[in-house]
Structures are given as C-alpha cells and as structure tokens.
There are 2 protein chains.
Amino acid sequence: MLVGEIGEEKLLQEVRRIFAATNADVPVAIGDDAAVTDSPSGRQQVWTADLLVEAIHFRSHWQTPQQLGRKCLAVNLSDLAAMGAAPAAALVSIACSGKRPLEEITDICRGIREVALEHGVAVTGGDLSASTGGMVIAIAAGGTVGAGDAVLRSGAAPGDTIYVTGALGSAAAGLRLLENGTLSKPDDSDSETLRNAFIDPQPRCRAGEALAAAGVSAMTDISDGLSTDLRHICQASGTGAQIRMEDLPCDEALLRTAQENEWDLRELMLGGGEDYELLFTTDDESCGDAIRRYSSESGLRITAIGNVTGADTGITLALPEGGTTSLPAGGFDHFRAEGRGGRHTGMGGRPGDDD
Amino acid sequence: MLVGEIGEEKLLQEVRRIFAATNADVPVAIGDDAAVTDSPSGRQQVWTADLLVEAIHFRSHWQTPQQLGRKCLAVNLSDLAAMGAAPAAALVSIACSGKRPLEEITDICRGIREVALEHGVAVTGGDLSASTGGMVIAIAAGGTVGAGDAVLRSGAAPGDTIYVTGALGSAAAGLRLLENGTLSKPDDSDSETLRNAFIDPQPRCRAGEALAAAGVSAMTDISDGLSTDLRHICQASGTGAQIRMEDLPCDEALLRTAQENEWDLRELMLGGGEDYELLFTTDDESCGDAIRRYSSESGLRITAIGNVTGADTGITLALPEGGTTSLPAGGFDHFRAEGRGGRHTGMGGRPGDDD
C-alpha cells in the first residue's frame, strides 16, 4: 500500500501506534495539539534539531528504512550527548511523496523507536506531510542537564588533554564504499563494519552524561570530522591544540580497507565526518582517573590524542615521522556540494570557520 | 547572491545573527552542539512541530519570504496556545536548493524572528540543508505550562458552552483567492483582508494562556476547520455537540466576498481550515465571567457558538431557518491531495477520524 492510499489520518494512527511504547511516562503524548512532558526541577532544557534530506544525507538504497530511522534520531541524540545532557523527548517530522510505500515510513518510525527506547527518549509528536521532492526527515530532540552543568565548546584551557571516544574515520570510509558502490566479497566483514559505522552510528549518550559528571572542560561530537570539530572547540575556547597522529584511534577494519584500496588514512581520520564520537578536553589532574574508570567500566574506548595549547601556536598535528604540520580545516559545505553524502552540523558551527 | 554561493558556514553566520535578538535571556544560544534554556520550576514542558512544504502548504509567489517565515512559526505557536502553554523556544530547520536567493532564506528568518519577538520565543537552533526538491521548513517549538494545567481536547462535558476566538472562514477564502489567482481591484481591501488571514495568521498565545488560567475545560486550535476540530474535541471527550449556524463569527470582508463570488459561506466557515483561532469549551457558571472579561480587556472577539451534548446526539448544526443537520466531517488529506494548499495538523489528529 502507498502512503497516498492509506490517507493521512490512518497513517498518523499507524505512526502513533508505533511510537506509543516510547510514551509510557509522558503526561500527554501524541494526540493533542502538543505533548506535555515532566520537567525535573533544578534542571535546564537542552534543544537540538537536524534534517536528513534524501539525495543529500542519504540514499534510499544505502540502508533499510529502519536503519535510516535509527540514524535520524541518533544524530540528534549525539548533539545532546555532546552537551552532557540526558535525552528526554523527540519530535519527528517526515515529508515525502504519497507514492512512497507505506511500509517505508512505518519502518523508518520503527527504527526511530528502537533508538528512542535504547536511550529513554519519548517521541512526543511531529508532523507528516506530502512533498513533491525527495524525503525530508526533520527531528528535534530535547533533554535536560543540571543547571549550569552543560559542557560547552568554550571551556578548553591550555594544558588540557584532548580525548576522543571510539575510533575515527570508519564512517567516512563506509560512505566512500557506499558512494563507490564497492561490492563486498561474501565474507567481507571489514566493508560491513565500515558501512555500518556510517549507516548506524551509536550516539554516546551515557558517555556524554558520565563525562559531564566527571567534569570535562569542553566537548563536542564529531560530525564534521576531527579536524573541523577540534577547530570549533579551539575557536570557542580561544586556544590552539596539538594532536598526535600516531595516537588517533582507528578500527582494524579501516586500517586493512584503506591499505587495500590505497586510501589516505589520515584524510579519513582527520577530515572524515559522521563518526558521532565525542571529542572532549579535560584537566587530567582532576578528571583523568574518572575518565579511565568510566572507560574501563563501560568498555568504551577513550583515547588521549593530544593537548590544548595557547592560541598563538594554532592547531597542529605531530607526525609519526617527527615534526609537526598545521592541521587542515577540512570543512564540508552542504550547499556547494549538493547531492553528496552530507554532514549534520545543525546551527552549531561557529561563525567564521571558513575565514 | 545564491545560497550555494555564500556557502554553509557564512549562511549559518547570517542566520545566527538574525536570531541573536531572540536569545537575550538564553543561557546557551545557537553556536554549540545544542542550546540550553532555563526551565521554570514547577512547570511542565510542552512540545510541538510542524512542517511547511513548498507546493503543498505554500507557493513562493503567494507571499513574501518574510510573511512565510511569520506563518511558519505562528502555526507552531498556535498549537502551544491551544494547550494553554507559554511559548519559550523554537528550532528552525530549512532545506532548500543552493540555487535559491540568499535573501529569500534570510527574509524567512527575519519573519520568524518578528513572530518570535512578538511572543517572547527564543530561536535556539535548528539546521540548514540543501535539498533537491522544493523548500521544506520544519519548526519545532516548546513552551511551558503549570504542572497539570495543560488544557487538553478531552475535558469537554455535556452542558459546556462552546466558544471560538476571532472569525471563521477568512483564511479558507483567502486561500481560494490565491489559488484562483483572482486579481483584486486597486481598492479591494476585502481580498487583502482575506488573503492576509491565510498568509499571516495570528497565533492566540496570550488568549490561550488566559483561557487556561480561566479554567476552560477543553481547547484546540482551528487548523483543519471548525467541523473537524470540533470533532477532535468531541471524540477525545466522548461527547456530542450542537453548533448554531447563525452564531458563527464571520468577518464582513468574507460576507461581502462570498456573496460577490457566490461562494458557499457555510462551507468556508465550517470546513475551511487554517484560521488558527482557538476553539474551546467551558462550564459557563464557573468561567463565563472570566472569559467575557478577557475578551473585553484584550479586544479579542470571543463568541459562544453552541453547546456540548451527550455523545448519543452526535455533532449537529442548528440552522437559521430552523431544524438541525448533522455536521459534516469536512476533513482534509495531505497525501491524497498533493499539491493543494494544505493544513497543519501535526500528529495531533485523533486516530479514527475518518471512520
């Protein structure tokens, strides 16, 4: 059945049934003019929104609708995690042609529900509309943080250690495989690992909250690539930074695949976006132990990759072969590069990044 | 200059500059991974989201970009008003081709800012993305309401009086004028009044808060048309209703224009959507005086149009010529009617409306 055949009311009914499981603790869920959620006292609200646009951020044949739904919510939760916020609620809006299969939309919603349930997020509403172009999925998410406890990009200080969760560059490699349409051999688990890194990123919600509680000084998520996102922290904090190339964490699958395809590993790890790992800085004296304890308890790899410096030294990369080089900006521009896989930067980019 | 020429970073910078004026009291405004707002203690959060899609909800030549921006935020604030909530923050996401003029986007943002400042709303973030289709504007808005004070659709009781703010049918008539491309005479202020009702609806935020404080029993905004929106209240409340045709409030401009064009006035007033007026029910004994006082102090027309009845009598219309008729559902379906001016129902429609 097509979306246009079931009609708006029945489609809404389907969608609301799917999201009902996320609304167990919500005073007023989907079905009124707006939803109502409880607001824990003494906490501030944290807000973010991201668009995923067909032919810009995704192509339908790259992943199942369910995987697409998972990613749509995940990229929003990643922004909340980067503030140290506990996610609470999300609004899901989808514009698509009435000629799309009904199951595509309901499967996208099921994927969103999976991630919502994994992270305790209530899907409290949204909107559905026809469109004459490709699909547009707009999600807004909200969470809470203790008053004054949000971890901003602006808190880094010279001498702080720079850390990153997980591994870098895998999502960018996965996107390259998808764009190249590279066929994987039947047992090619490396390609699958990398494609999955792009298709189904894991938002670091629990890590974000734990790191905020540990008192890290600045934090952001890696959506634009390490190089650009580190620049965001340095610009907001008025600092420089030095990163050690040899310490950048990398998945074995990426190592092997880059070698096999003669890809530039540095370019992928420094410039590749959409890892949705957390990049943060901290005064090691006060927080180092808590970070190592969290890493060991959670099993999440957390790697020290460099240090915050004064602004005058800029942002540099220490090379394994000795010496340093300035770290290229490696930004990405949606509007100039229409039709390529894109990044989700929201409005968080600092003005003047491309100066 | 085109959006694709200025590039994403500089466009974000422009947009952030435009919205800065709305963020004076916000702890963390646009520019980090997410924004942070204060959360007044003892209040609940209220959430809503609406999509406006080009060629579905609007056509670019119908209004200026600034007017379009105003409406995008207004339809969201109308949903918050219908809950009795005080609006607080909004997230603005826009997907469009890089070939659109930069000024179109910045003017849309200026229109959003106007309405935000009129209603004390902080625009705390959002997203910008290229798209290969028409423009899609996705706004999510949040507000607060005293714990347990949200006015739901489900609170109406037999015997309650049914009220509506403002006038009915003007927006539907305005849409008809726009769709017909009817040229107005140089002094045709009636056409302008009606087109403006569609193009620039006024969200009844202050009225919504005042009516909630007065203790009204159920409330919704008129986005789908009186007939459908009243049905939402009756279905949620398990009641019927009787409306008096001769008491429905109507603008003089609509009266004259309908007569001139031989339009069915009842159809416009009962089935026409997008008025964004408030439809509410109340026990007149306890709230009638407060409602009349608010109307007289604010200058906002508030009209008693009928009564809530038991569910067994259904929803009926008392005719001026005597007798009653059952009120047609008069729903509207986005997906079945792609490419026509559409309504903004969000996910609030009650399941089973079209049964």
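A salt bridge is taken here as a side-chain nitrogen of Lys or Arg within 4 Å of a carboxyl oxygen of Asp or Glu. In this predicted model, Asp33(B) and Arg153(A) form such a bridge, with the closest N and O atoms 3.2 Å apart. Four salt bridges are found across the interface of chain A and chain B.

The interface brings 91 residues of chain A into contact with 91 residues of chain B. About 7500 Å² is buried between chain A and chain B, and carbon and sulfur atoms account for 57% of this area. Polar contacts between chain A and chain B amount to 22 residue pairs, with both residues at pLDDT 80 or more. On the side of chain A that touches chain B, the largest share, 10 residues, is contributed by strand E2 (residues 43–53) of chain A. The residues on that side of chain A comprise 40 nonpolar, 28 polar and 23 charged.

Strand pairing also links the two chains. Strand E1 (residues 35–37) of chain A runs antiparallel to strand E2 (residues 43–53) of chain B, and three bridges join them. Within this pair, Val36(A) has Val46(B) as its bridge partner. The two strands belong to an open sheet of five strands with mixed pairing, ordered E1(A)-E2(B)-E5(B)-E3(B)-E4(B). E1 of chain A and strand E4 (122–130) of chain B each have a single partner strand, so one side of each is left without a neighbour in the sheet. From one strand to the next, the twist of this sheet averages 20 degrees. Strand E3 (residues 86–96) of chain B is parallel to E4(B), to which eight bridges join it; in this pairing Val92(B) stands opposite Gly126(B). Helix H2 (residues 8–19) of chain B lies across E3 and E4 of chain B, at about 155 degrees to E4(B).

Chain B also contains an open sheet of seven strands, in the order E7-E9-E6-E10-E8-E11-E12 and with mixed pairing. Its edges are strand E7 (218–221) and strand E12 (324–326) of chain B; each has a single partner strand, so one side of each lacks a neighbour in the sheet. The twist here averages 25 degrees from one strand to the next. Helix H11 (residues 284–298) of chain B packs on this sheet and touches strand E6 (161–165), strand E9 (278–282) and strand E10 (302–310) of chain B. The direction of H11(B) makes about 15 degrees with that of E6(B). Strand E11 (residues 315–318) of chain B pairs with E12(B) in the antiparallel sense over three bridges, and Thr316(B) stands opposite Ser326(B) in E12(B).

Methods
Residues are numbered from 1 along each chain as its sequence is written. Chains are lettered from A and ligands numbered from 1 in the order in which they are written. This is a predicted model: local features need pLDDT of at least 70, side-chain atom pairs count only at pLDDT 80 or more; totals for chains, interfaces and linings use all residues. Side-chain values use heavy atoms; hydrogens and water are left out. Two strands pair if DSSP finds at least two bridges between them. Helices (H or I, at least four residues) and strands (E, at least two) are DSSP runs, numbered from the N terminus. Axes are lines fitted to C-alpha atoms, for helices over the stretch in contact, and angles run from 0 to 180 degrees between N-to-C directions. Contact means heavy atoms within 4.5 Å. Buried area is the accessible area (1.4 Å probe) that two parts lose on being put together, summed over both. A polar contact is a pair of N or O atoms within 3.5 Å; within protein, one must be able to donate a hydrogen and the other to accept it, and residues adjacent in sequence count only if both atoms are side-chain atoms. Ala, Val, Leu, Ile, Met, Phe, Trp, Tyr, Cys and Pro count as nonpolar, Asp, Glu, Lys and Arg as charged, and the others, Gly among them, as polar.
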